[in-house]
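Hi,

Here is the structure I said I would pass on.

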Amino acid sequence: PSHDIEGCHNVTISDCIVQTADDAIVLKTTALHGESRSCENIAVSNCVLESSSTALKLGTEGHADFRYITFNNCVIRNSNRGLSIVIRDGATAENIQFSNIMLECTRRHFNWWGNADPIWLVVLKRRPDSRVGHIRNVAFNNIIAHGMGTSKLEGFEGKPLENIRLNNVQFFMKAENYIDKRADDAFRATNVNDLWLTDVSVKWDKSAIEPLWRNAITLVNVNGAVLDKISGAEAPTGKGYFLSMQNSTKVLIQNCHHNGNSKRLISIKEDCKSSVKLKNNNSFR
């Protein structure tokens, strides 16, 4: 069975081994009989997890808020998705940290939730009349992520994610094991304010190359970003770029290392090039 934490305060979960078809450990704030209660002050640590859906997750039921939550020292293997916050019912998810996690994602049949993606943060509307929620102040520290899908940060139009930080995160992209290919970029951020990527690397598996693969890192509608000590290269298909930016402002790219063989380093669209600064990127030649 999975571990569902529903509208709880002051909870610790530790030293568990969970193998399940649905989400392994998931926090929810469901509207029960028209009422919902927040999830606050929750610590998850020292767990070994396997899931046909998501290993560590907040949502999708989110009628009340999530705050002050940590996931630490966990191993995730053979899961359809790794770490996820999905807000669909108007809640705010804030002050959340994922740290010291090793994960491996493997695609499942399309009936299951997930794309073998290591990280997915998203704000959606469950129905046309649903409230729009918010995700802010989320950190990913010391993550080793082997996946087949694109890791995504996706804010809602007009309601961007805020203050999202990745520090010492390693992405290893492997070919998908299903015929319906879904991955293109290794990491993509869309509709985000204040994005910090520090010591983040992308490595592509060249033993089996997917034709849709393109950019290591893509920014779309990002306002305020620091990319510091990013390493990697465009996909081995030769179609993409090390870094791709569109409609993004106030972006600083510094101390980055491109280790590819081509000259397809950075794509900067006309709508954002005047506010992108590059500093001390010696490998860019």
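The second largest pocket holds about 240 Å³ of space. Lining it are 15 residues, and Lys206, Ala233, Glu234, Pro236 and Gly260 are the closest to its centre. Strand β15 (residues 187–204) provides the largest share of that lining, 3 residues. By class, the lining of the second largest pocket divides into 5 nonpolar, 7 polar and 3 charged residues.

Before going on, some housekeeping. The model is predicted, so to speak of a local feature I needed pLDDT of at least 70, and side-chain atom pairs count only at pLDDT 80 or more, while totals for chains, interfaces and linings use all residues. Numbering starts from 1 along each chain as its sequence is written, and side-chain values use heavy atoms, with hydrogens and water left out.

On terms: a pocket is an open set of points on a 1 Å grid over the protein atoms alone, where a 1.4 Å probe fits and protein lies on both sides within 12 Å along at least five of seven lines; lining residues have an atom within 4 Å of a point. The volume is the space filled by probe spheres set on the points, which are joined across faces, edges and corners. For the classes, Ala, Val, Leu, Ile, Met, Phe, Trp, Tyr, Cys and Pro are nonpolar, Asp, Glu, Lys and Arg are charged, and the others, Gly among them, are polar. Strands are DSSP runs of E, at least two residues, numbered from the N terminus.

Now the largest pocket, with about 290 Å³ of space. It has 17 lining residues, and Lys57, Thr60, Arg81, Arg88 and Trp113 lie nearest its centre. Both β7 (54–62) and β9 (81–87) supply at least two residues of this lining, and β7 gives the most, with 5 residues.

In β9 you will find Ser84. Why does Ser84 count as buried? Because its relative accessible area is 0%, and buried means under 20% (exposed is over 50%, partly exposed in between, with a 1.4 Å probe and protein chains only). The Ser84 side chain reaches the backbone oxygen of Trp120 at 3.1 Å. Leaving aside neighbours within four places in sequence, Ser84 is in contact (heavy atoms within 4.5 Å) with Thr54, Leu56, Lys57, Leu58 and Trp120.

Asn137, in strand β12 (residues 134–147), has a positive phi of about 55° although it is not a glycine. Asn163, in strand β14 (residues 161–173), also has a positive phi of about 55°. Most residues other than glycine have a negative phi, and most peptide bonds are trans. Asn137 is partly exposed at 28% relative accessibility, and Asn163 is partly exposed at 21%.

Last, the strand pairing around β8 (two strands pair if DSSP finds at least two bridges between them). Strand β5 (residues 39–45) runs parallel to β8 (residues 66–79), joined by 6 bridges, with Val44 partnering Phe71. Strand β6 (residues 48–51) also pairs with β8 in the parallel sense, over 2 bridges, and there Leu49 partners Ile76. On to β10 (residues 92–105): 10 bridges join this strand to β8, again parallel, and Thr70 has Gln97 as its partner.

Cheers

Definitions and conventions:
Helices (H or I, at least four residues) and strands (E, at least two) are DSSP runs, numbered from the N terminus. A polar contact is a pair of N or O atoms within 3.5 Å; within protein, one must be able to donate a hydrogen and the other to accept it, and residues adjacent in sequence count only if both atoms are side-chain atoms.
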